[in-house]
Structure formats: structure tokens, C-alpha cells
Amino acid sequence: MASWVLSECGLRPLPKTYPKPRTGFSSSFNNNPLKIKTSPVFSDLKSISCCSNSRERKWEVNVSAPLRVSNPPPIEEDNNENNNKVIDEFNPGAPPPFKLADIKNAIPKHCWVKNPWKSMSFVFRDIAIVFGLAATAAYFNKWIVWPLYWIAQGTMFWALFVLGHDCGHGSFSNNPKLNSVVGHLLHSSILVPYHGWRISHRTHHQNHGHVENDESWHPMSEKLNNGMDYLSKKLRFTFPFPLLAYPIYLWVRSPGKSGSHYHPDSDLFTPNEKNDVLTSTACWSAMVALLVGLSFAVGPMQVLKLYGVPYAIFVMWLDLVTYLHHHGHEDKLPWYRGQEWSYLRGGLTTIDRDYGWINNIHHDIGTHVIHHLFPQIPHYHLIEATEAAKPVLGKYYREPKKSGPLPFYLLSVLMKSFKKDHYVSDTGDIVYYETDPTL
């Protein structure tokens with residue numbers, strides 16, 4: 001209506017004095033933008049009349065308010081949005097509003113049931129595939145076949161490791177003797193000292209997320225990082241060398257720690273674990289002797305092709321998966337010290353990963369958060385348990401990126417982490433990875 005009056009009529013000058021200063025228009029608009037008719041400008045239009053006999057149309061309106069209503073200032077809107085973002089921002093280092101028992105209660109009871117027959121079926125399946133692949137490669141014995149065999153067999157070695165890993169956690173069955181026998185057979189066949197690894201891996205789970213006490217791929221402190229020579233740091237963070245670290249770790253552990261997985265007097269073990277460590281080291285030695293004997297029987301090159309290269313692929317799988325379950329998320333995740341660390345908070349810093357077709361082959365080891373919190377759950381129940389726990393975990397659970405048939409995308413995640421995640425501060429009870437400028 002106001003636009004019609006102004007375009008068709010002349011205007012009579014408005015009074016020069018007003019009962020109230022003409023202010024507050026924009027604020028009233030901001031508070032009630034849809035009720036424009038309450039503005040003083042539109043109420044004053046009643047005093048405007050048409051004068052058709054006027055010789056000259058004057059379009060001036062002697063008011064201090066604008067003729068056109070402008071939108072609310074964008075700066076204020078942006079500030080409101082920013083304030084909302086600050087309010088809604090999630091802090092992964094904050095104590096969670098739930099307890100470990102809340103997660104446990106959300107998981108169906110049948111997810112805790114261990115079926116030894118089902119577990120053994122996976123063992124028989126994987127062993128049959130391993131021998132089938134070896135027989136096929138040896139039969140054809142062509143260089144076009146060997147690379148395919150190496151990748152497939154190395155992946156199957158990794159699958160055997162995961163089943164032995166379940167034995168170490170006791171999620172394979174409720175029978176400790178069965179777990180020990182199967183664990184030794186599986187791990188010794190791929191040159192892993194079963195009890196030595198089992199004990200150190202238990203330490204990892206009991207201290208996950210703790211800067212000093214964690215055992216596997218824990219961060220280096222700034223002081224330790226600065227004390228390393230350039231070549232050592234370069235090798236630690238340059239692909240593919242970190243993916244070949246596992247055999248070295250078994251012998252000498254991680255930087256800043258001492259001991260060996262093969263020696264019963266290592267700092268890793270207590271005196272009552274000595275016999276277990278000796279047993280595993282003896283089984284490992286027997287496997288080495290078997291490989292040496294096979295080298296004499298069929299030739300070292302054949303053993304290298306059938307076993308050596310797949311073993312290297314297995315080591316790369318193990319280091320890749322282990323590293324990416326604790327590193328490389330798009331959001332930086334905390335590490336803890338002192339009173340800030342707890343079993344729950346440390347476990348919530350682990351990351352699930354999707355491996356496409358490999359998920360079933362390596363027994364859903366990528367479903368890692370629930371496994372870390374409750375390692376007693378068998379691998380064939382981990383997916384269901386995770387889905388049940390998600391409503392409790394909320395934002396503390398980070399949905400993994402969906403993979404294609406093969407998880408090639410993880411290589412870019414790995415490379416990015418190698419470039420950024422180098423050390424944590426020497427001080428502070430909640431710390432995050434920092435980047436070494438020399439690298």
C-alpha cells in the first residue's frame with residue numbers, strides 16, 4: 001500500500017516535530033520481522049494525502065527512517081551462527097556423560113556368548129584357504145600368478161593372526177587350554193610368540209589412550225622426538241617403513257621402552273609369566289627351524305615365494321590396521337596422562353574402520369571401539385554389539401568412512417597421518433598430536 005501512495009500521489013510535508021525520537025526501527029524489525037505494520041513509518045503514512053492539482057510532484061519525505069526496509073545485518077546473523085556452533089561444538093577430550101556399565105547394558109546378552117564350534121569353523125576355513133592358495137601357486141609357478149598369491153596369502157596370514165588374537169583375549173572360547181593350543185598353532189605359524197604378544201597386548205588394552213603406559217603405537221613425547229636423529233625420525237614417518245615395524249617391535253618394543261617379547265625376564269612380564277613366555281618362544285623357534293628345513297628341502301627361493309613374501313604382506317596389514325585404529329581421524333583425538341586418563345576415556349579414542357570385502361576375511365577387526373572396551377566379545381558379535389551401543393556413545397562414536405570393495409582410501413589417510421602426527425607435548429594431562437617442523 002505504501003508503494004502505491006508514493007508512486008501515484010504527491011506528498012504533503014510531514015510535521016517537523018515528533019512525540020518520540022524516531023529510533024528503534026531496526027531493533028523492532030529484528031525482534032518481530034514479520035509484523036512490519038507496527039513500524040512507526042507505516043503508521044505515519046496516514047498523514048500522507050493525494051493532491052491531484054499539484055503542479056509539481058515532490059518525492060521527498062522528511063523522515064529519519066529509511067523508505068525501504070532492509071534485512072537484518074548479516075554480521076549479527078553470522079555471530080549468532082558462530083555462537084551456536086561454539087555451544088554445539090563437541091569436545092572429544094571431555095569426560096563422557098555415560099559410564100562403561102551403560103554401554104555394557106545396551107549390548108544384547110547373546111553378544112557375550114562364545115561358541116567354540118563357531119570359532120573353530122573359522123580356523124578350519126582359514127587354514128584350508130591358506131593351504132589351497134599355496135598349492136595353487138606352487139602348481140602354476142608362474143610370475144603372473146605369484147604377485148596375486150602374495151597379496152592373497154599375506155591377507156590370510158593376517159586373518160590367522162586375528163583368530164589367534166581372539167584366543168589371547170579369551171573371546172575364542174571359555175576354555176583356556178583350547179585358547180592356548182589354538183593360539184600357539186596360529187601365531188607360531190606366522191612367527192608371532194603367542195604368550196609374549198598376548199601379555200603385551202593385554203597391557204595395551206588396559207592402558208589404551210595413555211601417553212606413557214600404552215603399549216602399541218603410543219605417541220612419542222616431544223623430548224623423545226627431539227632426541228632422535230633425523231634418519232630415525234624420517235624412517236618412522238616415511239611410507240612404507242612404519243608398516244614393517246612389527247618384527248622389530250617384537251624384539252625391542254617401541255622407542256622409549258625396553259624389553260623383548262621373547263625373553264622371560266623382559267620388563268613386559270611378571271615372574272609368574274616366565275614359563276608361558278618360554279613356551280611361546282620355543283614354539284616360535286620350532287617354526288623357524290621348520291622354515292630352515294624347508295629351505296634345504298625345496299630351496300630357499302621357493303620358501304621365500306611361498307612364505308617369506310606373504311609374511312611381509314601380513315606384517316604390513318598388521319601395522320596398517322593397528323596404526324589406523326588409533327591414528328589418522330579427521331578430527332584430532334586426545335591422549336591422556338595422570339588423573340585425566342580412565343579406561344573408558346582411553347577406549348573412546350579408538351577408531352572403527354571399514355575395509356570393504358576384507359571385513360569378513362579378517363573377522364571384522366575394523367569394528368574396534370567395542371572390541372577395545374569389551375575384548376571378551378567374540379568377533380562375530382562385534383557389529384551387532386556396536387549398533388546396540390551407538391545410542392549410548394553418541395558423538396563419542398565416530399562413524400567410519402564407507403570403503404569400496406578394497407580399502408585403498410586408507411592409504412591416503414595413513415600418508416596424511418604420517419605427515420602430521422609426530423609427537424605430543426611433554427606437559428599436560430590431555431594432549432594432542434603435534435607436527436615436527438623438521439619433517
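Trainee: Lysine 233 and aspartate 436, buried or exposed?
Mentor: Both lysine 233 and aspartate 436 are buried. Buried is under 20% relative accessible area, exposed is over 50%, and partly exposed is in between, with a 1.4 Å probe and protein chains only. This is a predicted model, in which local features need pLDDT of at least 70 and side-chain atom pairs count only at pLDDT 80 or more, while totals for chains, interfaces and linings use all residues. Residues are numbered from 1 along each chain as its sequence is written, and side-chain values use heavy atoms, leaving out hydrogens and water.

Trainee: What does lysine 233 form with aspartate 436?
Mentor: A salt bridge, with the closest N and O atoms 2.9 Å apart. Lysine 233 lies in helix α11 (residues 230–236) and aspartate 436 in the segment after β4 (430–431), so the pair ties together parts that are 203 residues apart in sequence. Helices (H or I, at least four residues) and strands (E, at least two) are DSSP runs numbered from the N terminus.

Trainee: How many salt bridges are there?
Mentor: Ten, counting a side-chain nitrogen of Lys or Arg within 4 Å of a carboxyl oxygen of Asp or Glu. Glu387, Lys390 and Glu399 are linked in a network of them.

Trainee: And glutamate 273, which side chain does it meet?
Mentor: That of arginine 202, at 2.8 Å, N to O. Glutamate 273 is in the loop between α12 and α13 and arginine 202 in helix α9, so this pair ties together parts 71 residues apart in sequence. Glutamate 273 is buried at 8% relative accessible area, whereas arginine 202 is partly exposed at 34%.

Trainee: Switching to α13. How many residues does it have?
Mentor: Helix α13 (residues 274–298) has 25 residues and reaches 36 Å from first C-alpha to last, close to the 36 Å expected at 1.5 Å a residue. That expected span is 1.5 Å times one less than the number of residues. Glycine 299 follows α13, with a positive phi near 100°.

Trainee: What do its buried residues pack against?
Mentor: α8 (176–189), α9 (194–206), α12 (246–252) and α14 (300–324), with contact meaning heavy atoms within 4.5 Å. Among the buried residues of α13 are Trp284, Met287 and Leu291.
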